[in-house]
Amino acid sequence: MAMFGIVVAVAVFLETVSATSLGVVYTEGGMVEGVNIRLGFRRHMDIFMGIPFADMPGRFEKPKRHPGWDGVLKAKEYRNRCLQVNFRMTDTRGSEDCLYLNIWIPHGSSVSTDLPVMLWIYGGGFMIGGSMDGKFLDDYLYSGQEIAERGEVIVVTVGYRVGTLGFLSTGDSSLPGNYGLWDQQAAIAWVHRNIHSFGGDPDNITLFGESAGGASVSFQTLTPHNKGTIRRAISQSGVALCPWAVNRNPRRFAEEVALKVNCPTDEKMAACLKMTDPELLTLAGSFNMSSSPDNPLISNLVLSPVIDGDFLPDEPYNLFHNAADIDYIAGVNDMDGHLFTTFDIPSINSQLVDTPVTRRTYSYMFSEPSRLGGIAKPYPSWMGADHADDLFYVFGKPFTTPIVYRQRHRDVSGYMIAYWTNFAKTGDPNKGDLSVPVTWPQFTSTGHQYLEIHSKMDSGYVHQKMRIEAGLVYKTTWEVFVAFCAAMEKQKSLLVLALFVTTASAASLGLVQTEGGRVQGQNIPLDVFRSVDVFKGIPFAAKPGLFEKPKPHPGWDGILQATRFAEQCLQINDLQTTSLGSEDCLHLNIWVPQGKHVSSNLPVMIWIYGGGFMSGSSTGPGFLGKYLYSGQEIADKGDVIVVSFGYRVGVLGFLSTGDSRLPGNYGLWDQHAAIAWVHRNIRSFGGDPDNITIFGESAGGASVSFQTLSPHNKGLVRRAISQSGDALGPWAVNEDPRTMAERVALKAGCPVDERMVACLRSSDARNLTMSTPYIPDGTPDYPGIKHVLLTPVVDGDFLPDEPVNLFHNAAEIDYLAGVNDMDGFSFTSEDIHSLKNKTEKTPVDEVIRLLAAYTKDTGPEGFQVASDEYFSKWGASPSQETVQRTAVEIGTDYIFLVSTQAALYLHAAKATSAGTFSYLLSEPSLLAGPGRPYPDWMGADHTDDLQYVFGIPFAIPQVYGDKQRELSGNMIAYWTNFARTGNPNKGTLKVPVTWPNFTSAGQQFLDISAKMSESSIGEKMRHNFVRLWTKTLPSLKSHVALDN
């Protein structure tokens, strides 16, 4: 109920909040509320300050996910920078609790959606810095307001650990280092998972940073841990190949720090350092600010990233294949080295480094003269752009503090914001919403073109081969060495990148980052330029507690090898003689189709298996090496992502006392948790979280129906398909859960008084499973469907009311539902055993008794009315086919068909923007005919649809014919078109017949078979019988209740 209350509160708030403000935003950690500022006519901006993207980090540990918060987090103040030395390195400032981010979202006349996202990583030599940095005239340097407003992008700035706490390393696993890089990666992953709620596009994230931040951007593109989360990157005055970017001897400096804080330098060093006061550690990591030509200042930057075998599994030079799909801008300021070389050689002003680039690549040199250069100013008149000068222009300071800038400064600031945000939008700095003064050419391995950025730009500012032209004169031997090394590093990296961009295969996701950690699946080649990535056994929740709702999974370290299906949930076997499966069963499987390029923004189809809420698994049964519920054929043919998952069944999934002590519906909560996990994580797999279709069969079809009716899935599900099962079925809801709970308790050795629940909760899970009451065979007088009692209940939470009263919750969900024309055969043949043997006659009285059992609640009058409807055309001597067909029709109508039609009717009546579609599968069973067990007149039995929906005729062609493959192809086409567009006729696959919408008036449906034509369109499916069971008999039932 707590979650339901939150959903209602958010809904009410969002209905009343200004149309140009997000108001309260729901994140994975909880609700947040920022500030909204007015910028101009119909222009506003939401600013969220200090949102935690990770928990307070442990000393020398990777960041962990934030546990979340209750209520609404007021994100209205910037948080502390990470603990670090001050600029003079005489004291500390900041806090260990520093992993927070800030977000700027621009709005016009309506709330923004799907905006590009630019995530800033600050510099500071990996020693100092903060997400907002310095403040001047009440304006922070790294405020994203100007970029966000002018470029119509979302800007995010993040904090990360620096100095000793961020980068100290022993060079081995005892203190591996790179904690600051892990913090950055955690922030990127948080943004990827949550930015959609702020109006951002998680598939269009651009990293940008300067100096050590530029190098960090470069490292983030090279690590395998960011696969699929970064679209573009901008490195300003710093890359991973810079000579200061990687610490080659981390052990030496770790020992220096250890000695300063009185720790040993032997095998006990790491343990001692971890226990040392963080401020002492921070001060101990300060470096020597004195320098000379013989000992340049840059060589003192020793607290920097290391090759740790994890975040950086190899030298940066060897990792550029990980950036093959990332658009990249990199450049320098023309006198970037001035800040550093003034410490070393005061009379020299030089460029320190050049920069490598990748995929669609762009190079620049920023040459706007420093505002500190000239007469009566501290820098010489010939001074160009010093280190960090670009920051003021990129962040629009000439606009926010106009009194200290001139028009030419505003011009160059506008140009840089235009180039940067156009690039973030499209991958091309020339194309976007903002005009630019000069077309910026792509950097190529032959031309080496770059753009010189300046306030007075024209076509003459496009150049080639930055600082490696013949005849270039350098002022000192040291400057020659630095420039030469940087240029050589640049040329090597460009050759590497050119090779990888042309040869790297994009037809596999590889490592995928999820909220729990990284996962790696298998890539299965299917054809030329066609494959499917399969991830098996990814946990979507922790091992569930006994009779508890599922909880989030705590995550894992390293890489989860998602290559084996997990065990099915603990359940009793079909013979009711033993148990099978595991309690730790909340895992899912994902199939992602790939073409020449890695897929993105695909529709997602989540499968929910059936089994009477008593049995089943995410894979289904296996045959000839193939699993029934393998999503491979659907994914490949329909170009959709398919997900299947496990959920608790039987006693552990649905036992209930009918009150709050044991409310039940644990299996439904598992399903909901899986859907929510997919919604949060599927973008990382190339899926569209806003286009999720859930589909299922039998109890799975009913589960689909329940998930659409529950208020807890609001906004998670776009479409739904129920096959042979719905929430209105006579078996779908347990009206008397207490009786079943007491039967289980007695069998488990528990009392049935007030101690019952406590006893059940303390019982062994397998013992409880085996305490399932024995399910006897059905008879005509007590049909087997009446024994299905471990089912969902109206609990006041997941199902706050009877299902018939909840269809308003599905008003915006497209719905497709139907049945097989002889769905009831499998069930009725268990009640009337002669149906199993086609040579045996079926007694007429058994069919009559079966109908009497189903109409028992309506009394003799109800039975008579029903008899008139079913037996009126029998005549004096009905044939055996007529008798048996009638028995199957009674079972099909009562168990599946009538309730499905009722559900479709209610959905169509309540739908606001959603479509409704009805079907009947009538393809004859493969088990029917001469020499086969089923009679010749047999149609489609229960579960016959599964083989066609999952493409088994293609997966196992040796046991099927062409007509079965044609039918399977048609069903996959209808199903995946519907998942893609909400209309089974519109999508990427052709269909044989146009499927009409089901309306309350026409009630049209499609008869699906191998031979389809315009005559396959019907209306008012078995209308007389639907009316009998939904109107006539219920009215008589109320009369019987009054008489009693």
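Me: Good. What should I know about the model itself?

Reply: This is a predicted model, where local features need pLDDT of at least 70 and side-chain atom pairs count only at pLDDT 80 or more, while totals for chains, interfaces and linings use all residues. Residues are numbered from 1 along each chain as its sequence is written, and side-chain values use heavy atoms, with hydrogens and water left out.

Me: How many disulfides does the count come to?

Reply: Four, taking a disulfide as a pair of cysteine sulfur atoms within 2.5 Å. Counting bonded cysteines along the chain, the pattern is 1-2, 3-4, 5-6, 7-8.

Me: Start with Cys82. What does the disulfide join it to?

Reply: To Cys98, with S to S at 1.9 Å. The pair links distant parts of the chain, 16 residues apart: Cys82 is in the loop between strand E5 (72–74) and strand E6 (84–85), and Cys98 is in the loop between strand E7 (92–93) and strand E8 (100–107). Strands here are DSSP runs of E with at least two residues, helices are runs of H or I with at least four, and both are numbered from the N terminus.

Me: Is the link of Cys82 and Cys98 right-handed or left-handed?

Reply: Right-handed, with 85° about the S-S bond. Both Cys82 and Cys98 are buried.

Me: And what about Cys263 and Cys272?

Reply: Their sulfur atoms sit 2.0 Å apart in a disulfide, and that link is left-handed at -75°. Cys263 is buried at 4% relative accessible area, whereas Cys272 is partly exposed at 22%.

Me: Why is the disulfide of Cys750 and Cys759 left-handed?

Reply: Because the torsion about the S-S bond of Cys750 and Cys759 is about -75°. S to S is 2.0 Å there. Cys750 is buried at 4%, and Cys759 is partly exposed at 21%.

Me: Switching topic: which residues gather in the patch of negative charge?

Reply: Glu735, Asp736, Asp801 and Glu802, on the surface. Patch residues have over 30% relative accessible area and no salt bridge, with like charges joined within 9 Å and nonpolar side chains (Val, Leu, Ile, Met, Phe, Trp, Tyr) within 5 Å. A salt bridge puts a side-chain nitrogen of Lys or Arg within 4 Å of a carboxyl oxygen of Asp or Glu.

Me: Where is the place of Glu802?

Reply: In the loop between helix H20 (765–770) and strand E33 (814–820). Glu802 counts as partly exposed because its relative accessibility is 31%.

Technical notes:
Areas by Shrake-Rupley, 256 points an atom, 1.4 Å probe, with all protein chains shown as cover. Lys, Arg positive; Asp, Glu negative; His and termini not counted. Charge placed at Lys NZ, Arg CZ, Asp CG, Glu CD. Buried < 20%, exposed > 50% of the residue type's maximum accessible area, 1.4 Å probe, protein only.
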